[in-house]
Amino acid sequence: MFLIDDDASVRRALTRLITSAGHQVRPFASAREYLDSGPHGGGPACLVLDVRLPGLSGLDLQRELRTAKTPHPVIFITGHADVPMSVKAMKEGAVDFIPKPVRDEDLLRSIEQAMTRAERESAERAEIEALQDRAHRLTPREREVMALVVRGLLNKQIAFELGTAEKTVKVHRARVMQKMQVQSLAELVRVTEKIGLPPRPAS
Amino acid sequence: MSLATATGVNAADVERARRVLILSDQSSVMPGVSTVQRNAESVIRTALQWRVEFNAEYLDAGRYPQEKLSPLFLNYVREKYASHPPDLIVALCTVSFDLLAELAKTDFPSVPIVLMGLTEGEVSLEKFGPNVTGFIQRSDMLGTMELILKLQPEVRRIVVIGGTTPFDKAYLNRVREDARSLEGRVAVEFWTDRSLAELEKDVSSLDRDTAVFYTTIFRDSTGESFVPVEAAQRIVDRASVPVYGFFEGIVKVGAVGGSVIQFETIGKKVGEFAGRILQGGSANSNPLELHKDALPVFNWTALHRWGIDENRLPPGSVLEFRTPSAWEKYRWYLLAGLAIITFQTALIIGLFVQRSRFRKVERSLRESHNLIELASGAGHLGLWVRDLPSGEVWANRTLRTILGFKEEAVFQIDDLYGRIHPGDRDRALAAITAAAGNGQLFEFECRLSRPGGTERWVLVKGKGVLDSQGRLIRTQGVVVDKTASKQTELQADRQREELTHIQRISTMGELAASLAHELNQPLTAILSNAQAAQRFLLANPADMETLQEILRDIIEDNSRASEVIRRLRSLVRKEAHEYAALDLAGIVRNVMLLVQSDAVLHNVNVSLLCSQGPHHAWGDKVQLTQVVLNLLLNAFDSMKDIPADERRVVVRIEQNGPHRVKVTVSDRGHGLPGDRLEKIFEPFYTTKPDGMGMGLTISRSIIEAHGGRLWAENNPDGGATFNFTVRVDRRRTGRVGSQPLRELEKSDHLGQP
């Protein structure tokens, strides 16, 4: 849990409230302070953000985090709820937009939601990373074969495309299935969808 | 010279001016005192061939408690006349006999004294030493009461009104004693425990079988002081039955009359005593006399008002304010006319020669007199000239109208002073005395209270004229009736205050969003802390240390919220402006706190630079706060379109000459086109879509009301600067000059990276 609020007293109170619900909190006085102490990747986490912050505002920070590799879910708290601002925040993917003074059940419920989401997203991120690792182990030829397999081409057609023997393709295909740890063509298609197009060789 | 030789005085003594010191334990604003003094002076001057120099000191014991004042008065007179002892002391005494006796005996043992004691008590002469003569003047209370019964046989009850000072009480006691002889004829009731205001009310509903006997009121039962004749005026004005009195001033204010003691006669007698001694007579050869003379004096208008038959008046009565019949009025004119015709016939030839010259002089005199009346009348200027040696006062028609005197009324300077509102009189007389004695100009504004209770505001300007020896011989001047413009001024003041208040409220509206935030922060902290505390309490064991911290924070946040509300209230509060010494830096800092969250919202950095202070301005706190607030919010507004890291406002406070402090508010906005530098101060000029356009207009009027200036200029390096100056608090003339600016305070709430 990261908490960013420029008001020291509010920061202290919210930290206590969130701690009392059993979460671990790291408080920051500004977006800049948070970014400078990063990166905060890795485990599941969420941010409680005051919209109105000196310097980089809460919304600016949200935008910046989305382009980073680890987009933690964001809960906004605000002293003056204004509709356009809350719509914008929600569109950018905020979990919630809570007006100050904050009621504990509202905040804690949102934090639960955000943490669930963070855990899910974190798990997904971990899975993708694992799949990408596997894809990295493919040889360039295997990668080419895999790309054509998931497009639904038969071995014969692949051999023709690559100008090689059908038998060779068959070997490559078996290696791909083995390295990517999948049992069926359908499974392979799902995996490649998850990691996007097979990355180019590391070299 | 032959006279001097005859009385055995040598030549050098003739040249020397005789000094007469008049000591009165009352004040010269009491018409009785001034009448006695004037007449005494006039008799002394006529009797002597030498120059006489008069000094007068007044204790004013009738109106002010004496415990502290008496010793000061003694010391003052002692010091003042130690090196120039008088040749004669005239003591006009009503209550403080001991004090005047002590002064005379210890400090001026060889100076003869003429004592005039206006008292009902016994006076022991030994206290004054051997050199004293004079007389005690008694009142004629019984005579006055007898007159009431003679004039109004239907009267069954006499209500006696008086005050609470010892002087007042002495007269009341005399009435009480004298009333015994009237027992059975009339009931005498004493109303002495009521305030003047209550008396005014109570006398307004008396039945016709009652008459009012007004003695004196120096102080009423509430402790408020009065000039007795003015209190009498108020009683006479309200009474539903005839009012009588025992001193002559009572007749002038419209009472029916009474057997009155005559201050003019008393004054002349004092003058005769004094003249005898100054011409070489001895004081101790003349023992103290007891005078009981009083004169039945009546007000003709009042007699007619109450339908009292003139035939009932005792023989020898004096009728004042009588409107004569046509024959009476013109008889002397006709007789004089006849005499002149006869005279002219006899001298016509002789006169014929000089006629043209006479005419010319006379015409030009009349013309110049008419011209003065015309010019002063057209300009609504009241003019007066007071000739001190003769005591004569000339006033033009306009002044008589302003003061509420009849056109032909003859009056003395005290009658004129008597028209000054009692609340302003001391100040006015002090201004005249201070300046006129040096031949300087004086000027003041004061209220007049005129018969009938109408109040007017006048401006008085005048000067004293000195003779070649530096003595004041004349005062003269101009009186302008300012009632109309004063009322407009007061009204305009009220309206400006109203508008200023409205503008302040509307400014608060502009700040509302950020102030809501300002309040929301502590409220958020308090709520979250309280909820966290609830949860901590459920835990087992409860974390007492954290709970204590939480409670401390809650208390702190509560005072933070109260502080916001206090700042708000200080601006919204509507109160009449109140001038005081103010710390300008404190005001600016307060406004900076007020706009702090607005500054955060607009990403503006505000700083205060203050030259070596402290800078104490003389002004109204709420209004100056309003000006600074307006200027800061305008500065924020001017920088909406420039990059956030360039938005800076600098407030400077510095000395501006020896008598002023200057405050400047500089922004980094686009500045103002040349033609707008003045236009922005016009009413309803605004660049904000929801602005009222009154902020700068009102700010300027506030600053001008503070005797300062508010103006705008463009900075050479961009942006605009608003400057205003205010007067420094005169009582704190401290370090002044152009010390280097030092950074006093910088808002750190905006840490621009």
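Q: Before we start, how are residues numbered and chains lettered here?
A: Residues are numbered from 1 along each chain as its sequence is written, while chains are lettered from A and ligands numbered from 1 in the order in which they are written. Since the model is predicted, local features need pLDDT of at least 70 and side-chain atom pairs count only at pLDDT 80 or more, whereas totals for chains, interfaces and linings use all residues.

Q: OK, chain A then: how many helices and strands does it have?
A: Chain A has 9 helices and 5 strands, where helices (H or I, at least four residues) and strands (E, at least two) are DSSP runs numbered from the N terminus. Read from the N terminus, its elements follow the order β-α-β-α-β-α-β-α-β-α-α-α-α-α.

Q: And what share of chain A is buried?
A: Of its 203 residues, 33% count as buried; a residue is buried if 20 or more other C-beta atoms, placed from the backbone, lie within 10 Å of its own, exposed if 12 or fewer, and partly exposed in between.

Q: Which residues are on which side of β4(A)?
A: Val74(A), Phe76(A) and Thr78(A) are on one side, with Ile75(A) and Ile77(A) on the other, and all are buried, which leaves both faces covered. In a regular strand the side chains alternate between the two faces of the sheet.

Q: Which strands does β4(A) pair with?
A: Strand β3(A), residues 47-50, is joined to β4(A) by 4 bridges and runs parallel to it, and β4(A) is likewise joined to β5(A) by 4 bridges, again in parallel; two strands pair if DSSP finds at least two bridges between them. Leu49(A) stands opposite Phe76(A), while Ile75(A) has Asp96(A) in β5(A) as its bridge partner.

Q: What about phi at Gln181(A)?
A: Gln181(A) has a positive phi of about 55 degrees although it is not a glycine. This residue lies in the loop between α8 (166-179) and α9 (185-195) of chain A, and it is exposed, with 12 other C-beta atoms within 10 Å.

Q: And Asp60(B), is that buried or exposed?
A: Asp60(B) counts as buried because it has 20 C-beta neighbours inside 10 Å. Its phi is positive, about 60 degrees, although it is not a glycine, and it is found in the loop between β2 (52-58) and α4 (69-82) of chain B.

Q: How many residues of chain A touch chain B?
A: There are 20 residues of chain A in contact with 26 residues of chain B, contact meaning that the C-beta atoms, placed from the backbone, lie within 7 Å. On the chain A side, the largest share, 8 residues, comes from helix α1 (residues 8-20).

Q: Now chain B, what are its totals?
A: Chain B has 23 helices and 26 strands, and 35% of its 753 residues count as buried.

Q: Which residues are at the centre of contacts in the largest nonpolar core?
A: The core has 89 residues, of which Val90(B), Val212(B), Phe213(B), Ile235(B) and Ala255(B) touch the most other members; a nonpolar core is a set of buried Ala, Val, Leu, Ile, Met, Phe, Trp, Tyr and Cys residues joined through C-beta atoms within 7 Å. Apart from it lies another core, of 43 residues, among them Val595(B) and Phe722(B).

Q: Which face of helix α19 in chain B is buried, and why say so?
A: In α19(B), residues 584-594, the buried residues include Leu584(B), Ile587(B) and Val591(B). Seen down the helix axis, the buried residues fall within an arc of 160 degrees, taken from the directions from the axis to the C-beta atoms, so they line one face of the helix.

Q: Last one: what does Gly462(B) touch?
A: Not counting residues up to four places away in sequence, Gly462(B) touches Phe442(B), Thr475(B), Gln476(B), Gly477(B) and Val478(B). Gly462(B) lies in strand β17 (residues 455-466) of chain B and counts as buried, with 21 C-beta neighbours inside 10 Å.

Technical notes:
Contact = placed C-beta atoms within 7 Å.
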